[in-house]
Amino acid sequence: METEYILELQNVTKTFGQLVAVDDISFQLHTGEIHAILGENGAGKSTLMNLIYGLYQPTHGQIFISGQLKHLQSPRDAIANGLGMVHQHFMLVDNLTVAENIALYLSHFSTDKKNSQLIQSEVDHPLKFNEKESKISSNFVKWRFKMDEAIQLTETLSQKFDMTVDPHPRVGSLSVGLKQRVEILKALAVDARILILDEPTAVLSPQEVKNFFQILYTLQEDNRTVIFISHKMKEVLEISDRITVLRLGKKVYTGKTGDLSAQELVREMLGEELSDIHKKKSKVIDEPVLRISDLSVKGSQEEVAVNNVSMETYRGEIVGVAGVDGNGQKEFAESIMGLQPITAGTVQILGKHTTSTESIRRNGVAYVPEDRRTTGIIGTFSIADNLMLNISHFERVARHGIIAQNVKYTTAENMIKTYDIRPPNPNLSVSALSGGNQQKVVIARELSTDPELLVAVNPTRGLDISAAQFVHQALLQQRDNEKSVLLISTELEEVLQLSDRLFVMSRGNLIEATDYRDSIEAIGLLMMGERIPNEL
Amino acid sequence: MLLEETLAATINAATPLLLAALGEVISQRSGVINIGIEGMMLMGALCGMTASFYTSGIPLIAPWFGPCVGMLAAGLAGLVTAGIFAFLAIKLRGDQIIIGTAITLFALGFTQVVYQRLFGSTGSPKSVPYFQEFELPILSKIPLIGQALFSHNIIVYLSMALVPCVYFFLFHTQPGLRVRACGEHPKAISTFGSNVVKLRSMCLLFAGFMAGIGGGYLSLADVPIFTPGMTAGRGFTALAIVIFGKWHPIKVFGAALLFGLGFALDALFQASGWEIQYQWFLMLPYVLCLIVLTASSYKKVNFYGGQAPLSLGKPYNPSA
């Protein structure tokens, strides 16, 4: 039977014990389309992709590739059948060069015609421009590893697909955007016809996203099919041809991009209308809470991470700091919290110079750190124990340093109720919670001290829409209580939406950008450390 | 004269260290920190000497036959010991440090018991046929360094020949590329279809074989006897050599020579008849080890680059 679908799932179900992760999903992929998959965390997106990629096998149902029934037992099978996946956590070896990474991947898959399914039924192998090139690629399954051939192959591929990638540097030294290109090149080296991209734009700046979309169009022109998984509604609407929405393991919608508005798609994802964040006009009170003057901080490699930064935050406002990861945000936040030594300049809180983290916290500063798993919580501790980790809570539940268990539990139970932490069991270890509930534990602990200043770094990273909204409400509440919030985030939309004043951090410099908040392009330029041309 | 003697003694002392360290480079590059080298060397030393002792009694065979069989037995003893390590640490994903330590402690006791059962606890240690030194034609006639460099037993030359071989394997072959990737990001190559457990086990078995041969060198070439605990920290020194040599075969060769010098000076000073308690000289290689490792961990001293594989010592769980 002839079919136009390059990939088709028929009534695929995957259960883990009692849990039905993917529930009777049927799904078709047209050759050459960019197909977006939308869904909350836990909607079954990852499980579905892992089924297609051979990491899991379906409990029921069938998977067809190019009209043929396939039983994919491993990613290796899937790759041999023309799939490629760019994981959110890259499968790249940082200490090898770009060319070595590509060679390593290629060496696992024979491109020799006789014993490979790779080229069967496919139009044109990208490595078959001429005899010589094809010989090179089949050499990679042999014993010898030739660096110059690996370099040549990388160059050929990056030229063919119009991606500038230098084969020589170590992958670890590349930017995230370039690493992503290497991942895509890797998949193309074995002629992947279907590329699965898992949250590919989460780590990119607006300019990088633009370049990335260009790459997707090039792939599309080459008649390759792309599955694009994302949270970001705007990007999905911009790039995709069709959209599928998953909710609680079920497919709830598939349709052409543009048929439904963003609002309607969100409703499909959540199954309910999402109340818009009601943002009252802020009443900024002319009293600085945090005053930073001429602050400079050195990073871990002795480089200048924060360069001569001055700013203030006032009561009743949220000050946003946007920027691409790794431009000094971490060092900036940590120096405010007294966790990093300051090279020059001063940090004052409510007019006081403070130095140690303890005195900073005692002066009413709360902190939601960047990485909740490594610094926000202790995974093996219970919810109750995590909630009393900071000094003021500890002092409340402890008498002469001995913890009063009953006070600990009543305090914890109150906080669990107020912040809606689920499941509401104070004895449960935090690592058993979902990311959203882990973050609620952090927010509960930090905000229940009623701080004067809240420093929040990427507070919604990895959270789904409803959990992110909870965090946003908490930040706004803090502002409405006439406290001060410093929000440092790589999610540009979040910063634009919440902040009363806006800064951009780029290569350690802090630039006020409140006037440009309506121009993504201008802010994008600032994020890349460029000047803004006059016409913007 | 003194220079010549020192040089020759250095090379002699460096050989077992180099053999064990080359194996360890491969093992650590694949992500397994084999801290049981000391134990594997001891097993090698005992089995090598025993095999040579029993096979050399047979009449009408060439005198080199015993030591060769011994060396092979030494390697196999190390390999089998490494097999236990591989099963516990790679297959069952136990803690590599604890298992390695256990293996070393086990080997210390085991070799002593077996040696006493076979050769008795009293009397002088049994002497066995061993590898004879021979002079390489022409080269050994070079003035000054000829005798020092080119008048050794066959194992010395073989171990040096192995240095470029290991280098070529790691950096110019497909399996070498996989071994390097395996120590950095095992999950990646696992999703490409490599079997991480198998790859790491192979590397560890090689390390065990090499450690066994290193031990065999001690009882079949250095001094043709076995004494319990005769490795005297050389296994741990090989571990230090790998770290100081930045997981690179050529640099490891240099590091092995430096530590070999430590052991050589120890022996030379003891023989020099100086009026100093000999324990001071015994300390020498280990003090050198401390100083070198401390210094090389400072950025300013570590000018020659290289860093530990990212997943070194981390058990790999394929289903996680």
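**The core and its surroundings**

Modeller: Start with the largest nonpolar core, which has 160 residues. The members that touch the most other members are A:Ile102, A:Leu195, A:Ile196, B:Ala21, B:Ile241 and B:Ala256. Keep in mind that this is a predicted model. Helix α9 of chain B, residues 196–222, gives the most to this core, with 15 residues. In soluble globular proteins, nonpolar side chains tend to be buried together.

Now pick one of those members, B:Ile241. Set aside its neighbours within four places in sequence. B:Ile241 is then in contact with B:Leu17, B:Ala21, B:Val252, B:Ala255, B:Ala256 and B:Phe259. Two of these names, B:Ala21 and B:Ala256, also stand among the members that touch the most others.

There is a second, separate core, of 68 residues. Its members include A:Ile349, A:Ile421, A:Ala444 and A:Val485. One of them, A:Ala444, leads us to helix α16 of chain A, where A:Ala444 is buried. Helix α16(A) covers residues 435–447. Its 13 residues should span 18 Å at 1.5 Å a residue, and its end C-alpha atoms are 18 Å apart, so the two values agree. Twelve of the 13 residues are buried, and α16(A) is mostly covered.

Step back to the loop between α15 (405–418) and α16 of chain A, where A:Pro423 is found. The peptide bond from A:Arg422 to A:Pro423 is cis, with omega near -5 degrees. A:Asp420 is found in the loop between α15 and α16 as well. A:Asp420 is not a glycine, yet it has a positive phi of about 55 degrees. A:Asp420 counts as exposed because it has 11 C-beta neighbours inside 10 Å.

B:Trp247 sits in the loop between α10 (234–244) and α11 (249–271) of chain B. But B:Trp247 has 21 C-beta neighbours inside 10 Å, so it counts as buried.

Helix α2, residues 37–55, has 19 residues. From first C-alpha to last, α2(B) reaches 26 Å, close to the 27 Å expected at 1.5 Å a residue. Of its 19 residues, 17 are buried, so α2(B) is largely enclosed by the rest of the structure. Next comes helix α3 of chain B, residues 65–91, which holds B:Lys91. B:Lys91 counts as exposed because it has 12 C-beta neighbours inside 10 Å. Not counting residues up to four places away in sequence, B:Lys91 touches B:Ala86 and B:Val197. B:Lys91 and B:Asn34 are 57 residues apart along the chain, and their C-alpha atoms are separated by 14 Å.

How do the two chains meet? Contact involves 17 residues of chain B and 18 residues of chain A. On the chain B side, α7 (174–184) and α8 (186–192) each supply at least two residues. The most comes from α7(B), with seven residues. The chain B side divides into six nonpolar, eight polar and three charged residues.

Finally, take chain A as a whole. Its secondary structure comes to 19 helices and 22 strands. It is divided into domain 1 (1–82 + 193–274), domain 2 (91–192) and domain 3 (285–527). The centres of domain 1 and domain 3 of chain A, taken over C-alpha atoms, are 34 Å apart. Nine residues from domain 1 and eleven from domain 3 make the contact between them. On the domain 1 side, α7 (206–221) and α9 (262–270) of chain A each supply at least two residues. That domain 1 side divides into five nonpolar, three polar and one charged.

The overall dimensions follow. The C-alpha trace of chain A spans about 75 × 50 × 45 Å along its principal axes. A compact globule of 536 residues would have a radius of gyration near 24 Å, and chain A, with 26 Å, agrees. Buried residues make up 43% of the 536 residues in chain A. Among contacts in chain A with a separation of 6 or more, 68% join residues 24 or more positions apart.

Key:
Residues are numbered from 1 along each chain as its sequence is written. Chains are lettered from A and ligands numbered from 1 in the order in which they are written. This is a predicted model: local features need pLDDT of at least 70, side-chain atom pairs count only at pLDDT 80 or more; totals for chains, interfaces and linings use all residues. Domain bounds come from an automatic or database domain assignment. Two residues are in contact if their C-beta atoms, placed from the backbone, lie within 7 Å. Helices (H or I, at least four residues) and strands (E, at least two) are DSSP runs, numbered from the N terminus. Ala, Val, Leu, Ile, Met, Phe, Trp, Tyr, Cys and Pro count as nonpolar, Asp, Glu, Lys and Arg as charged, and the others, Gly among them, as polar. A nonpolar core is a set of buried Ala, Val, Leu, Ile, Met, Phe, Trp, Tyr and Cys residues joined through C-beta atoms within 7 Å. A residue is buried if 20 or more other C-beta atoms lie within 10 Å of its own, exposed if 12 or fewer, and partly exposed in between; C-beta atoms are placed from the backbone. The expected span of a helix is 1.5 Å times one less than its number of residues. The radius of gyration is taken over C-alpha atoms; the globule rule is 2.2 Å times the number of residues to the power 0.38.
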